[in-house]
Every structure is written in C-alpha cells, then in structure tokens.
Amino acid sequence: MTLNRSDAAHVAEVLSEALPYIRRFVGKTLVIKYGGNAMESEELKNGFARDIVLMKAVGINPIVVHGGGPQIGELLQRLNIESRFIDGMRVTDEKTMDVVEMVLGGQVNKDIVSLINNHGGRAIGLTGQDAGLIKARKLTVTRKTPEMTKPEIIDIGLVGEVASVNADLLDMLVQGDFIPVVAPIGVGVNGESFNINADLVAGKVAEAVGAEKLILLTDIAGLLDKQGNVLTGLDTAQVDALIADGTIYGGMLPKIGCALDAVQGGVTSAHIIDGRVKHAVLLEIFTDHGVGTLITNH
C-alpha cells in the first residue's frame, strides 16, 4: 500500500498522539478476553487481529484468551445433543466435552491464530492441556433456598475452575515474540479435560503473568448504573457496594468477580469494554477516556 501526502500526515499525527501511551505500555503484558459479537462480525474480527499485531509491533505483549459459546451451541444442536445451563454454566458431560474440545481447541482457536498470522503476527494456539498450561479442578455448584435445611450440591459435569497457570510457558512464548492464543480448556490431575469459563481463565492468566491490564470484551458498553449510564473509575469497595445494592447482578456478576479477583491478585487494572466498537482495545489503551468500565484496587 502506498500513502499519499495527506494520508502520511494523518498517520504521523495519530502516531504522535499515541506515542506517550505506547511508551507507557512498552514491555508490559496485556491479557485480552476475546468473545461475543467481536468474534462474529468479519469487520470486527479483522480489526481485532490488526490491533493485536500492532500492539506486538510497538513492544506491547498481548495474550489472547477466547470463548466460543455460540459456536459450541451451534454444533451441539447439529449433533442433536441437548444444551443445558445451570447458573449460566453449560452442563458438560463427556459427549459435550468432546464438542467443546473440538470447537474451542480446534476450530475457534485455529481461526483466531490464522487471522492474526494473516495480518502479520506470530500467533500460536494453546489449550490448557499444552505443557500443563491450565491445571484445573472440578467446579462444584451449590444452591440453597430458605426452605432447604442444607445446600444442594449440583453436578454440572466436566466444568472446572483454574487451579494453576504455567506462567513460565507464556513468558517464554511472549519473550520469543509470539502471541499466545489460549482456549479455556483445563486439565485435571488424572488427565481429564475441563470446560472453564473464558473470563475466569483470562483473569487467572493475567494474575499469573503479572499483567498490566486485563481487558474483557463484551457485548455491552460496560458496567451500567440503574439509569443505563456507563460506570468507570471504580475501586473494589465501590464495586462491592454496587453488588450489594443490586446494580450489578445476573450475567455481569461473573465478569465483575473475575475483574475484582484480578486486580486484588496484582493486575494493575481491569477493563470491561464493548467489543462491538471498532478498535475497542486500542481505544482503551491509547486514549485518556478509554471505552467501557475501568476497575482498580485503589
């Protein structure tokens, strides 16, 4: 591509404005959870891949953790395997786990890796099984109503939570100029596979590598107050108060919990941003106002 004078001048102006932010994050690691509509629109997919490659080119180290719930649901439907959810988590028997591994570890992971590489990056795909990247344990779900004398323990199958992350492997890849792309599949002590929520994996990866930022791409503008306005600049005490008064509820609770755990575990800041916005990740990093909700431990 050849730039004319006006295009070159515009590029120079943009780079000049971004330079202070680039300097701030050079050498830093950012963990980005990629999912939702940002994974389904061709325009957004290509924009995301270009943004990740640009970050690496200017000396910032991105690690991508991806989801793939809609793709899993679509294949289960085609195979006539019923999808069931309890408290927002997919009940995962052995047949469902086979599909999860096929979709997340195969199709989705390889598509993201290929897209980043086609835009000039050096992405490498991983699941939690590779070199014991994500050690997992079975997640137990309990439910208690006022009528119950003791909590009910619900078995949701091969659904896990993160026990540990092999940060040395990720550090080695990052220092080798690779872009790790991680599928949220963990491995148990007996070699069994576990389906893990991608937000939770992203948070634990961010903690393990001492990330500067955890960025969660979502399908909403960010954390909203009761009037629908985006809340930002929140600390952990403010978030706790918003949970207590019912402002944060439902499907946002796991994302907020993941962000809180990350900043309390040493990550400098967590961001919940709208993946439907073009170049949302770059806007978050390279502008003062950012996009979405910022959470810190201060």
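**Exercise 1. Determine how α7 passes α8 in this predicted model, and which residues make the contact.**

Solution. In the predicted model, the crossing of α7 past α8 is left-handed. The contact is made on the α7 side by Thr236, Val239, Asp240 and Ile243, and on the α8 side by Leu253, Ile256, Leu260, Val263 and Gln264. For the geometry, the axes of α7 (residues 236-244) and α8 (residues 252-264) come within 11 Å and cross at roughly 160°. Because angles over 145 degrees count as roughly antiparallel, α7 is roughly antiparallel to α8.

**Exercise 2. Work out where in the chain the salt bridge partners Lys33 and Asp199 lie, and whether each is buried or exposed.**

Solution. The closest N and O atoms of Lys33 and Asp199 are 3.6 Å apart, and the two residues form a salt bridge. Lys33 belongs to strand β1 (residues 29-34) and Asp199 to helix α6 (residues 198-209), so that the pair, 166 residues apart, links distant parts of the chain. Since buried means under 20% relative accessible area, Lys33 at 10% counts as buried, and Asp199 at 6% likewise counts as buried. Together with Lys255, Lys33 and Asp199 are linked in a network of salt bridges.

Key
Residues are numbered from 1 along each chain as its sequence is written. This is a predicted model: local features need pLDDT of at least 70, side-chain atom pairs count only at pLDDT 80 or more; totals for chains, interfaces and linings use all residues. Side-chain values use heavy atoms; hydrogens and water are left out. Axes are lines fitted to C-alpha atoms, for helices over the stretch in contact, and angles run from 0 to 180 degrees between N-to-C directions. Helices (H or I, at least four residues) and strands (E, at least two) are DSSP runs, numbered from the N terminus. Angles under 35 degrees count as roughly parallel, over 145 as roughly antiparallel, 65 to 115 as roughly perpendicular and the rest as oblique. A crossing is left-handed if the near helix is turned anticlockwise from the far one by less than a right angle, and right-handed if clockwise. Contact means heavy atoms within 4.5 Å. A salt bridge is a side-chain nitrogen of Lys or Arg within 4 Å of a carboxyl oxygen of Asp or Glu. Buried means under 20% relative accessible area, exposed over 50%, partly exposed in between (1.4 Å probe, protein chains only).
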